[in-house]
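Please read them with the structure open.

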Amino acid sequence: MPSSPRHRQRPALPALLASVLLASLLAGTALAPAAAWAQAGAAADARRPAEVAQVLFGIISYVRWPVARPEVRVCMLGTPRYGAAIIDTPASSLGQRIRVKTPAAASAASECDVAYLGSLPEGEREHLLTQIIGKPILSVAEPGTSCTVGTMFCLRLNEAQIGFDVNLDAIARSGLRVHPNALQIARRKGPPP
């Protein structure tokens, strides 16, 4: 008895269903690593502020001022992206008393031992740097902000770590002493972005 077209379609339905299930299984398997990667990226982003604060306070621990400071006054200037983690840091970091404040940029030269530079309009940044260049005020530019001439340390981010670049000329003009270990750390470049 010859088979009718209707009988030929019945075996095709389970095959079609099997191929659809296989395709969805493969798509789900392909998406699983992407979802895990996105979660890992989100976890890294959540840790960034604390890591930036740790690097900043690590740099401060390597600096000596011409006159010893009973506490180091860290001034948040501009609009810092990672400022909350720095403010939330305990008052004592790595053996030094730290006080974080947010003064007006105009008073930075008289109120700050460390100028942490967040996002600032270029003219305002240049004006601020002219006030503090040559004074014993450590200047650190936040990751992702403009690192202009006169800034001593420029924090940089890449996927694996937070690093920094050093302006030796600006440090020499400030009268600050920076331990050679900090300069060695700056020379170690992270993996290319």
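**Notes on the predicted model**

1. Start with the largest nonpolar core of this predicted model. It has 30 residues. Those touching the most other members are Ile60, Trp65, Val74, Tyr116, Leu138, Phe153 and Leu155. Two or more residues each come from α1 (5-61), β2 (72-77), α2 (83-87), β5, β6 (138-141), β7 (153-157), β8 (162-166) and α5 (168-174). Helix α1 gives the largest share, 7 residues. In soluble globular proteins, nonpolar side chains tend to be buried together.

2. Look next at Ile60. Beyond its neighbours within four places in sequence, Ile60 contacts Trp65, Val72, Val74, Gln96, Ile98, Val114 and Leu138.

3. There is also a second, separate core. It holds 11 residues, among them Cys75, Leu77, Ala115 and Leu129.

4. Is Asp113 buried or exposed? Its relative accessible area is 0%, so Asp113 is buried. The residue sits in the loop between α3 (108-111) and β5 (114-117). A polar atom of the Asp113 side chain lies 2.9 Å from the backbone nitrogen of Arg73. Setting aside neighbours within four places in sequence, Asp113 is in contact with Trp65, Arg69, Glu71, Val72, Arg73, Pro136, Ile137 and Leu138.

5. Ser174 belongs to helix α5. Its relative accessibility is 4%, so Ser174 counts as buried; the cut-off is under 20%. Which residues does Ser174 touch, not counting those up to four places away in sequence? They are Gly134, Lys135, Pro136 and Met152.

How values were computed. Residues are numbered from 1 along each chain as its sequence is written. This is a predicted model: local features need pLDDT of at least 70, side-chain atom pairs count only at pLDDT 80 or more; totals for chains, interfaces and linings use all residues. Side-chain values use heavy atoms; hydrogens and water are left out. Helices (H or I, at least four residues) and strands (E, at least two) are DSSP runs, numbered from the N terminus. Buried means under 20% relative accessible area, exposed over 50%, partly exposed in between (1.4 Å probe, protein chains only). A polar contact is a pair of N or O atoms within 3.5 Å; within protein, one must be able to donate a hydrogen and the other to accept it, and residues adjacent in sequence count only if both atoms are side-chain atoms. Contact means heavy atoms within 4.5 Å. A nonpolar core is a set of buried Ala, Val, Leu, Ile, Met, Phe, Trp, Tyr and Cys residues joined through side-chain atoms within 4.5 Å.
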